[in-house]
4 protein chains.
Amino acid sequence: MIDAVLDKLKEECGVFGIYSPQEDVSLFTYWGLYALQHRGQESAGIAVTDGSWMDVHRGMGLVNEVFRHQLPRMDRQRIAIGHVRYSTTGSSLLANTQPLMVTYAGGHISLAHNGNLTNASELRTELEQAGSVFQTSIDSEVFVNLIARSRNHSIEEKIMDSLNKIQGAYCLVLMTEEKLVGVRDPHGFRPLCLGKVGAGWVIASESCALDTVGAEFVRDIEPGEMVVIDDSGLKSYRFAPANKRALCIFEYIYFARPDSVIDGQSVHAARFEMGRMLARESGFTADIVISVPDSGTTAALGFSHESRIPFMEGLMKNRYIGRTFIQPEQKKRDLSVRLKLNAVKSVVKGRSVIMVDDSIVRGTTSGKIVRMLKEAGATAVHMCVSSPPIGFPCYYGIDTSVRKELIAASKQVEEIREYIGADSLHFLSLQGLWDSVGGVHSEDMCHACFSCKYPASIPCEASCASNKYVFEERRNQA
Amino acid sequence: MIDAVLDKLKEECGVFGIYSPQEDVSLFTYWGLYALQHRGQESAGIAVTDGSWMDVHRGMGLVNEVFRHQLPRMDRQRIAIGHVRYSTTGSSLLANTQPLMVTYAGGHISLAHNGNLTNASELRTELEQAGSVFQTSIDSEVFVNLIARSRNHSIEEKIMDSLNKIQGAYCLVLMTEEKLVGVRDPHGFRPLCLGKVGAGWVIASESCALDTVGAEFVRDIEPGEMVVIDDSGLKSYRFAPANKRALCIFEYIYFARPDSVIDGQSVHAARFEMGRMLARESGFTADIVISVPDSGTTAALGFSHESRIPFMEGLMKNRYIGRTFIQPEQKKRDLSVRLKLNAVKSVVKGRSVIMVDDSIVRGTTSGKIVRMLKEAGATAVHMCVSSPPIGFPCYYGIDTSVRKELIAASKQVEEIREYIGADSLHFLSLQGLWDSVGGVHSEDMCHACFSCKYPASIPCEASCASNKYVFEERRNQA
Amino acid sequence: MIDAVLDKLKEECGVFGIYSPQEDVSLFTYWGLYALQHRGQESAGIAVTDGSWMDVHRGMGLVNEVFRHQLPRMDRQRIAIGHVRYSTTGSSLLANTQPLMVTYAGGHISLAHNGNLTNASELRTELEQAGSVFQTSIDSEVFVNLIARSRNHSIEEKIMDSLNKIQGAYCLVLMTEEKLVGVRDPHGFRPLCLGKVGAGWVIASESCALDTVGAEFVRDIEPGEMVVIDDSGLKSYRFAPANKRALCIFEYIYFARPDSVIDGQSVHAARFEMGRMLARESGFTADIVISVPDSGTTAALGFSHESRIPFMEGLMKNRYIGRTFIQPEQKKRDLSVRLKLNAVKSVVKGRSVIMVDDSIVRGTTSGKIVRMLKEAGATAVHMCVSSPPIGFPCYYGIDTSVRKELIAASKQVEEIREYIGADSLHFLSLQGLWDSVGGVHSEDMCHACFSCKYPASIPCEASCASNKYVFEERRNQA
Amino acid sequence: MIDAVLDKLKEECGVFGIYSPQEDVSLFTYWGLYALQHRGQESAGIAVTDGSWMDVHRGMGLVNEVFRHQLPRMDRQRIAIGHVRYSTTGSSLLANTQPLMVTYAGGHISLAHNGNLTNASELRTELEQAGSVFQTSIDSEVFVNLIARSRNHSIEEKIMDSLNKIQGAYCLVLMTEEKLVGVRDPHGFRPLCLGKVGAGWVIASESCALDTVGAEFVRDIEPGEMVVIDDSGLKSYRFAPANKRALCIFEYIYFARPDSVIDGQSVHAARFEMGRMLARESGFTADIVISVPDSGTTAALGFSHESRIPFMEGLMKNRYIGRTFIQPEQKKRDLSVRLKLNAVKSVVKGRSVIMVDDSIVRGTTSGKIVRMLKEAGATAVHMCVSSPPIGFPCYYGIDTSVRKELIAASKQVEEIREYIGADSLHFLSLQGLWDSVGGVHSEDMCHACFSCKYPASIPCEASCASNKYVFEERRNQA
């Protein structure tokens with residue numbers, strides 16, 4: 001995947017749901033997932049109901065690959081939910097796609113989930129002790145088992161009963177034959193918003209999906225809130241007391257699309273501000289500002305605006321993204337970046353360059369890009385990163401399987417600069433980052449990957465033996 | 001499917017299991033399923049374990065289509081089970097393929113199932129009331145939930161505990177990380193046999209699968225018996241008292257392969273005897289005996305042997321079977337049989353013919369074949385059927401979705417003869433059928449589809465509203 | 001492929017054509033190819049025209065695989081031709097599928113070809129010298145280039161002009177926008193027949209294809225005859241003088257379907273007679289006669305009829321044929337036959353057996369079957385083969401790539417018997433074979449693979465360096 | 001396709017060739033085609049040779065789809081060529097993919113072609129009159145027939161002989177078993193450049209492909225030049241006298257990648273200048289400058305640089321391009337743009353906007369984007385287009401099938417402005433365009449689509465009946 005090639009962290013999922021007897025809800029969900037494709041590119045699925053039956057279609061690949069031949073459709077469909085995800089490796093990949101669709105004593109439920117339960121393992125063990133069986137390795141299956149075992153009567157109570165048992169980061173979109181439900185965890189780690197399309201309602205991970213289907217943005221779903229939509233309209237429930245908010249700050253840095261607005265803050269505006277802040281903090285000067293496209297572009301424009309140094313397109317990105325790309329052999333690894341990015345010689349030749357990127361994970365790609373620019377004639381490359389160094393693992397839905405390779409976990413800034421071969425290197429300070437996201441209070445965001453301050457429980461050691469080294473490392477650093 | 005075109009009842013499944021650390025158990029299972037392909041042609045699956053992990057691969061299609069590109073394999077694999085099935089219609093076809101693989105408190109279980117639980121619906125409701133969720137519509141999922149909820153300690157006890165709760169017809173092949181288990185229901189509706197290959201063991205629906213993988217036939221698994229194979233060898237358990245045996249007599253008539261031996265009775269020998277019995281009962285004479293290939297051939301040879309009327313190949317069958325075949329348009333329906341069968345003019349022209357087939361379901365195909373033979377010059381067509389008229393539904397694993405169209409449910413023999421245009425028509429008597437299967441006592445077989453004498457419980461009316469008309473019809477006839 | 005596994009020679013192609021403005025000619029061609037599937041199982045194609053445009057769809061696989069999703073169709077289609085073939089190995093497989101469709105000065109031509117031109121190589125060189133380019137390695141491309149270069153005016157004359165240049169064995173079905181043309185070479189090596197369906201006409205390799213589409217057999221196309229069908233009806237042309245007829249006698253032994261009639265001789269009747277002749281020639285006696293299904297069955301029945309020894313089904317064949325089948329590893333090669341055939345113990349145990357097969361190519365399979373029968377309890381196996389030993393290569397369309405391995409090229413009958421482990425072995429004599437095919441004069445058939453008497457030119461040495469050893473061997477034997 | 005949705009003209013092809021016994025030439029060609037993917041997204045192909053054999057693999061789809069499973073490869077491969085293209089509609093799509101591979105009297109030739117021969121139809125007729133047959137509808141097949149019929153001896157002479165017969169726009173990459181050949185037409189309509197990788201040589205449509213494979217740019221291939229590369233190195237031939245140069249100016253406006261350099265002129269620099277020129281010509285002022293991404297971005301940056309009006313990202317583009325995308329129903333057509341583009345409200349709200357795009361074809365998309373911006377709160381939208389109005393068809397390789405719908409063919413600028421709903425509209429003047437491409441003399445470029453001044457022959461009326469209306473319209477306008 002391109003993000004792997006370009007050394008990015010991976011968001012885990014995007015969710016979408018629509019209640020609208022007047023619309024082709026399956027088609028709308030398809031479009032919605034297309035708008036959320038950046039949040040998960042390895043599998044996709046759509047479930048739909050007509051009030052009595054439910055159908056689901058899931059598959060590996062991009063949205064347009066999974067639904068190349070057909071969408072799941074019903075004659076009188078009125079609710080649909082959808083999901084895009086990165087899947088983990090292993091042989092049961094297809095089994096782990098979402099939405100999950102089950103029957104239980106109360107009928108059918110389909111469920112799509114974004115995030116990571118920190119106590120999934122314990123809950124699963126408890127459920128297994130009580131006689132549950134599991135066919136997948138996704139958290140959603142834990143959740144539906146909790147619902148099915150709840151002794152409460154209404155589906156609303158069953159869900160809230162279950163929510164009280166789970167911990168971690170999650171946004172859920174769930175449907176029964178009659179209701180569409182959206183849930184955001186008490187910390188609000190992941191974004192989830194509400195829109196209106198005609199007489200119907202839409203729930204989505206990001207507002208850009210509302211725009212894409214022509215829905216009007218209504219509001220963000222609150223941390224600890226559950227909305228339930230049915231024939232009688234929308235009802236809001238609070239299943240948890242107001243908690244410490246902890247929206248993932250990386251949504252503003254990289255994950256979300258710039259045209260989305262999350263918790264009242266425009267993603268684009270935040271990134272632009274990060275760039276301005278970088279200019280002020282770094283004090284770098286050069287002939288031009290360039291970006292590592294596409295994720296670094298908005299901050300680079302902000303840098304240019306603040307510093308009055310002209311922004312130019314110094315790097316071109318190949319737009320033709322493929323899931324399977326034949327990799328260069330070992331000895332020609334440098335090509336792997338060149339397949340995705342190319343320097344524009346007429347822009348960089350003979351010029352000193354400020355290069356803006358959103359983050360540094362392993363650092364290998366940054367080094368290759370710096371070399372590419374110098375080979376193209378740049379006289380100096382000053383790198384600016386619109387986030388602080390990433391030094392700690394995420395337990396709330398971001399793939400940190402690369403954690404061992406996080407360059408900032410073992411190297412100081414100057415060492416990193418040397419490693420990537422840049423003439424200067426500046427990371428945005430945490431305070432600078434907070435200030436850039438002016439619309440959300442700094443205490444209402446999670447920044448544990450930079451600060452090691454985890455806003456909520458993290459998995460107990462017993463349940464995450466495989467991450468043991470991470471904990472140990474962290475302690476040693478503490 | 002060819003069987004649909006040629007008006008046959010459908011067996012529902014075939015199962016296979018192997019325990020052998022010395023062999024490529026996945027490949028052996030693949031071959032075993034290939035030998036059992038006649039028992040189910042719409043999906044296939046293989047699960048394999050190496051003692052700690054389990055993997056499964058399932059798909060729609062014939063065995064060689066599902067495993068065209070790869071078999072599930074592990075480095076030190078030692079147990080594997082497999083399944084072929086006819087799937088019911090609906091959009092969740094893939095979800096319903098077997099083996100089912102789950103985790104529960106005791107580890108992993110994979111399960112393949114042949115037959116039909118008559119109280120599946122009640123059990124499912126009970127389990128749902130207790131908080132279970134279901135992701136498929138197959139009986140196997142009910143069974144694994146029972147196992148998971150059993151309070152007994154050993155897997156053997158858990159399984160037996162669960163078996164005590166289920167009713168109906170079933171053969172199960174199940175594996176944990178360490179054990180291969182084979183179970184045959186107390187009535188022994190469906191066949192299941194045991195073989196030995198090297199130091200390992202094989203369990204299969206029919207003995208032809210043992211022959212195919214080079215295993216030696218050991219014995220049939222007894223009704224009410226469970227065999228458990230692990231490192232310490234094979235252990236046999238009796239989970240139910242000796243019950244009234246009720247082997248499906250249709251296995252001898254049509255379902256099983258002629259080279260299989262079931263409960264000590266050669267299928268081929270039984271069919272040959274049915275033909276001899278038909279000759280004696282019918283007293284028909286003609287120039288030649290022919291069969292409707294391939295299923296009528298053995299009985300036709302028996303008829304020829306008894307009557308001394310020469311057997312000739314009067315009909316040729318197209319050997320190239322395809323799952324998807326573009327059907328003739330409505331107005332040219334007669335072609336649908338001609339695509340599969342063709343009369344050999346040089347054989348039938350100017351001759352009177354005795355045509356032997358194994359059964360008549362709807363009767364439409366028989367009529368077309370009679371017409372085809374007459375157009376090819378047969379002077380008379382006397383039809384002999386090596387089973388009695390089928391008038392009643394099966395609740396033990398045979399697809400009776402065509403029941404409304406069963407010609408014998410509404411027509412007398414003379415009416416059927418007229419409908420299909422034969423000059424004479426004789427159905428083998430039930431007594432004649434029993435006598436033909438000499439190796440098994442007549443009281444040890446189920447013949448309810450002919451006699452309406454159900455040897456075991458049938459689903460209660462509440463749980464089979466969709467079959468209501470069947471019950472009502474049956475009562476009227478009783 | 002099953003035929004490879006079961007040690008058979010390979011026919012190269014089947015052709016079909018239909019002219020009928022009243023019918024769905026594409027669908028009829030699809031059915032016709034399905035009936036001819038036994039003549040070629042590795043690729044298939046259909047071309048269709050509506051009088052001005054032409055379209056073609058070709059692919060690798062069985063007919064129902066290639067046309068799983070769609071047939072080539074036009075609104076007012078009125079002519080279609082089709083082709084099934086075995087393809088040679090190499091990377092350009094798809095490019096070599098037929099029908100070939102080209103444009104030339106006179107418009108469009110589509111062409112399907114069965115057989116082998118013995119001077120293709122010389123003609124190709126000549127055409128290349130004159131400036132032609134070739135995109136495939138099939139003989140049909142040579143032929144269309146000859147047509148395109150003919151200076152004659154009418155398409156009929158152009159074709160006949162071209163036919164005068166080519167040598168070897170061929171049946172052609174060809175269409176322009178307005179005409180359907182069928183051609184059979186002057187020796188009549190390969191079969192081709194003519195039928196009528198409603199107001200339209202059908203041309204096919206075998207009469208079974210006429211039966212399948214509901215067409216009435218009219219007559220065989222004569223060696224050296226070209227029929228042209230258009231709006232004004234059917235016209236017959238003789239493009240070559242009456243020549244020595246040389247119909248491939250293997251069509252009667254194995255290639256053709258038993259329900260076909262070729263040059264007035266029923267294939268079934270010929271095979272039945274071969275069996276009777278075998279009984280007389282061999283004088284073998286035993287408890288039962290069995291066949292190697294399916295190709296040996298008709299002769300086995302003839303043997304039984306003549307000898308009064310009862311015919312029984314001693315071997316069962318797995319009906320589920322797959323193009324790709326995962327082969328057993330080297331050390332377990334014996335399984336490869338067991339996957340396809342199984343002995344019926346209740347039939348052969350304790351009995352002496354006469355086993356009838358149609359031919360022996362390498363002899364390896366025969367040996368395995370004999371062993372299988374003995375393991376199943378046969379007290380003796382006397383093998384009868386309904387053709388003489390195959391000792392010489394075919395240059396007229398049969399794949400003799402296995403020639404090096406032809407057992408009869410290097411071993412005497414007694415040595416072969418010993419090799420396969422049979423108690424007795426008898427090959428039908430050439431005279432016996434001729435007598436069996438009573439409807440065609442012995443001098444009107446090609447039997448070079450048995451006798452080395454080639455009825456026509458064979459490729460010059462220069463053009464078949466790769467077959468050089470064959471010639472040398474042949475000379476040494478002569 | 002996205003380009004269709006976003007109302008763009010279509011380039012027809014990209015070509016690539018490599019001679020390098022030291023490299024994996026097939027893999028390099030794969031990467032090269034990936035870099036040229038923007039020049040053709042509907043089919044791709046690679047041919048490779050090891051000095052004696054040739055192999056080709058072609059298919060429909062993007063490069064990574066066609067070669068998802070494998071590349072054509074040989075043990076000692078040393079030359080490879082590749083092709084990407086837009087294909088025309090019709091049922092023979094696959095047959096028309098390139099490279100074309102043929103055998104002729106001199107051996108094998110593979111050929112990939114970019115452009116359009118204006119006398120292909122006449123040449124084809126001549127060749128057909130002389131007996132050639134054609135299996136595809138691509139110009140390349142005409143060319144290989146000319147080569148095959150040339151009476152000259154060396155391949156170099158044969159090619160030059162053939163080049164003298166053809167007219168129009170073409171870049172050819174061709175290989176024999178031993179030589180790699182690159183040809184650019186005498187006018188130089190399409191770009192073609194030469195690079196060096198290690199001891200080997202690379203030829204490509206654009207220099208960005210050289211960068212991607214790590215090759216060093218050597219020079220552009222001259223109009224009328226043929227380069228031949230073999231074991232003895234590179235030789236250059238001039239097959240036509242220095243002619244009026246006529247490089248397609250649209251390469252600079254839209255077709256080529258900005259990081260390519262064509263005939264000495266950086267594409268990026270040209271586009272940047274177009275933006276500056278637009279600022280000067282239009283005199284527009286507003287709060288911000290935005291672009292229609294991605295093709296309008298470089299010019300927008302130039303506009304911003306010249307005007308000192310800040311550039312902002314007002315529109316976001318969905319990066320996940322799919323070949324097949326389920327289209328909105330008729331009534332919701334406005335969604336089709338929203339699926340690809342979305343306004344960034346925080347950027348445009350309450351601001352007047354200058355929107356820069358590269359061209360207007362039908363005008364429908366521009367109208368939707370203007371509306372989208374206004375709905376997002378833009379107070380005014382002033383549109384600037386970095387090319388003059390397109391009023392005339394192209395005969396040199398650009399798809400003008402949309403010509404009937406060219407908005408500038410029937411509307412004046414003010415009418416267009418009204419149609420798209422912009423507050424102002426300015427098209428770059430032809431002189432301004434020429435001045436922007438400062439590195440190439442204005443007389444050395446083709447600008448017929450703007451000016452109707454065709455630099456070379458156009459197809460005679462007889463051969464382009466289907467374009468008749470175009471000619472008539474043009475005359476009326478002249």
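The model is predicted: local features need pLDDT of at least 70, side-chain atom pairs count only at pLDDT 80 or more, and totals for chains, interfaces and linings use all residues. Residues are numbered from 1 along each chain as its sequence is written, while chains are lettered from A and ligands numbered from 1 in the order in which they are written.

## Chains B and C

The interface pairs 46 residues of chain B with 46 residues of chain C. Contact here requires C-beta atoms, placed from the backbone, within 7 Å. On the chain B side, the elements that give two or more residues are helices H2 (25-35), H7 (207-212), H9 (267-282), H10 (297-307), H11 (334-338) and H12 (345-348) of chain B. H2(B) gives the most, with five residues. Helices (H or I, at least four residues) and strands (E, at least two) are DSSP runs, numbered from the N terminus.

By class, this side of chain B has 24 nonpolar, 14 polar and eight charged residues. Ala, Val, Leu, Ile, Met, Phe, Trp, Tyr, Cys and Pro count as nonpolar; Asp, Glu, Lys and Arg count as charged; the others, Gly among them, count as polar. The copies meet through the same surface, because 100% of the interface residues of chain B are also interface residues in chain C.

## Domains of chain A

Chain A is divided into domain 1 (7-245) and domain 2 (268-439). The bounds come from an automatic or database domain assignment. The C-alpha centres of the two domains of chain A lie 34 Å apart. Across the boundary, 17 residues of domain 1 of chain A are in contact with ten residues of domain 2 of chain A. Strands E6 (107-117) and E7 (168-175) of chain A are the elements that give two or more residues to the domain 1 side. E6(A) gives the most, with three residues. The domain 1 side divides into five nonpolar, six polar and six charged residues.

## The annotated cysteine

An unreviewed UniProt entry lists Cys13(A) for "active site". UniProt positions are given in the numbering used here, feature names are shortened, and annotations may be inferred rather than shown by experiment. Cys13(A) is placed in strand E1 (residues 13-19) of chain A. With 25 other C-beta atoms within 10 Å, Cys13(A) is buried. The cut-offs are 20 or more other C-beta atoms within 10 Å for buried, 12 or fewer for exposed, and partly exposed in between, with C-beta atoms placed from the backbone. Leaving out residues up to four places away in sequence, Cys13(A) touches Arg39(A), Gly40(A), His83(A), Val84(A), Arg85(A), His113(A) and Asn114(A).

## An enclosed helix

Helix H5 (residues 139-149) of chain B is largely enclosed by the rest of the structure, because eleven of its eleven residues are buried. Among them are Phe143(B), Leu146(B) and Ile147(B), but also Asp139(B), Glu141(B) and Arg149(B). The buried residues of H5(B) pack against strands E5 (100-104) and E6 (107-117) and helices H4 (120-129) and H6 (155-163) of chain B.

## Strand pairing in chain A

Strands E9 (residues 193-197) and E10 (residues 200-204) of chain A pair in the antiparallel sense over five bridges. Pairing requires at least two DSSP bridges between two strands. The two strands form a hairpin with two residues between them, and Gly198(A) in the turn has a positive phi of about 60 degrees. Val197(A) stands opposite Gly200(A) in E10(A). E9(A) also runs antiparallel to strand E11 (residues 216-220) of chain A, joined by four bridges. There, Lys196(A) has Glu216(A) as its bridge partner.

## Backbone details

| Residue or bond | Backbone angle |
|---|---|
| Gln98(B)–Pro99(B), cis peptide bond | omega about 0 degrees |
| Gln98(C)–Pro99(C), cis peptide bond | omega about 0 degrees |
| Asp263(D), not a glycine | positive phi near 50 degrees |

Pro99(B) lies in the loop between strands E4 (79-85) and E5 of chain B. Arg308(C) lies in the loop between helix H10 (297-307) and strand E18 (315-317) of chain C. Arg308(C) counts as exposed, with 9 C-beta neighbours inside 10 Å. Asp263(D) is in the loop between strands E15 (261-262) and E16 (265-266) of chain D. Asp263(D) is buried, with 22 other C-beta atoms within 10 Å.

Note on methods
Contact = placed C-beta atoms within 7 Å.
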